[in-house]
Amino acid sequence: MSWINDTDDDDPYADYEAKSRPNPKGNKPRTKTRPQHEDAVIARVLTVDRGRYSVLVDEDGPNEHPVTAARARELRRQSIVTGDRVDIVGDTTGDEGSLARIVRIRERETVLRRSADDTDEVERIIVANADQMLIVVAAANPEPRTRLVHRYLVAAFDAGITPILCITKTDLADPADFLKDFAGLDLEIITSSSDDPPIAELNAVLTGHSTVAVGHSGVGKSTLVNALVPDANRATGHVNEVTGRGRHTSSSTISYRVADGWIIDTPGVRSFGLGHVNIDNVLRSFPDLEDIAAECPRGCTHLPGSIECELIERVEAGELGDVGRLRLDSFQRMMAALR
Ligand SMILES: Nc1nc2c(ncn2[C@@H]2O[C@H](COP(=O)(O)OP(=O)(O)OP(=O)(O)O)[C@@H](O)[C@H]2O)c(=O)[nH]1
Ligand SMILES: [Zn+2]
């Protein structure tokens, strides 16, 4: 007999008690172990707009529908962000004028963060549960900002999110020179050469993933997202009414269903401070370098000029070959964007 249902066999009333005590209201007994809000349903947060959350219930199921929700009082200190999985209760019909209540945030697989600037350690979460980041950069007009791309990369690697680089406007300039900086990073690179993006290629990359799209204004990110999200699209058709794609919305992130996955646009995300970034987290995405860096002096930044940096010493000694040299070089260029 396990301790869970262990009863006192000597208690003559044990059996009697269990059977005969009526439940005056016919409610289920409230025990300490009973989870709160048993009837809650899980939903995906699609966008956030002034304290209202547009969420999707029964994702991919027969009853999939969007619902507008507010957060329960007990969650007021926590941020609920696009991509979060939440439990909702109350009116979950999604009918006109209905409002459900978010009572729980499920554990997040990833969090993409930013701080207001690099000295600010107060971080804000931009998106939860994304597993890919599509970094959109133009080959020209506007000129590619290498440092900004490096900063996006740092944020992605720090969060354990796989970055993908999409270079637009290759009809205007050859991106080869710009790409040299990233040669050692194992990055998937997609090029787009007109206002007609490579949809099949992008869809293949996005399938089965939750991808957050980032990019500087004017690079052609909206052109990509618009091409990827046809209006006939099932969930987004409804969601558009809620989130007001094309209309004003104060949300800084919006989810669109695409290629059996999700793309999360970040039109309102301006600054991308990295005050919260931790080198060790970033290194985790570079297991080959991470193993060696374990032997570096404490606090080593592995940047050029670092004293007794194991990575630098081994590369200089030629022990890591050309590939190792390239990888360290790309890693250093990326991490230099933190300064
Ligand atoms: N030549 C060329 N122009 C492009 C390409 N992709 C987009 N454009 C143009 O670049 C301009 C900016 O594109 P958008 O999609 O609005 O850029 P965005 O990144 O969404 O910029 P914001 O809306 O400011 O956030 C538009 O005039 C597009 O037509 C491309 O591959 N080649
Ligand atoms: Zn080092």
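A word on the source. This is a predicted model, in which local features need pLDDT of at least 70 and side-chain atom pairs count only at pLDDT 80 or more, while totals for chains, interfaces and linings use all residues. Residues are numbered from 1 along each chain as its sequence is written, and chains are lettered from A and ligands numbered from 1 in the order in which they are written.

Val 55 is also one of the residues that touch the most other members of the largest nonpolar core, which has 73 residues; Leu 112 and Tyr 152 are others among them. A nonpolar core is a set of buried Ala, Val, Leu, Ile, Met, Phe, Trp, Tyr and Cys residues joined through C-beta atoms within 7 Å. Buried means 20 or more other C-beta atoms within 10 Å of a residue's own, exposed means 12 or fewer, and partly exposed is in between.

Which helix gives the most to this core? Helix H2, residues 146-159, with eight residues. Helices here are DSSP runs of H or I with at least four residues, strands are runs of E with at least two, and both are numbered from the N terminus.

Next, H2 and helix H10, residues 321-336. Their axes come within 8 Å and cross at roughly 100°. Axes are lines fitted to C-alpha atoms, for helices over the stretch in contact, and angles run from 0 to 180 degrees between N-to-C directions. The two helices are therefore roughly perpendicular, the word for 65 to 115 degrees; under 35 is roughly parallel, over 145 roughly antiparallel, and the rest oblique. His 150, Leu 153 and Val 154 of H2 meet Arg 333, Met 334 and Met 335 of H10.

Last, two loop residues. Asn 129, between strands E7 and E8, has phi near 65°, a positive value in a residue other than glycine. Asp 260, between strands E12 and E13, has phi near 55°, also positive. Buried or exposed, Asn 129? Asn 129 counts as buried, because 23 C-beta neighbours lie inside 10 Å. Asp 260 has 11 other C-beta atoms within 10 Å, so Asp 260 is exposed.

Conventions: Contact = placed C-beta atoms within 7 Å.
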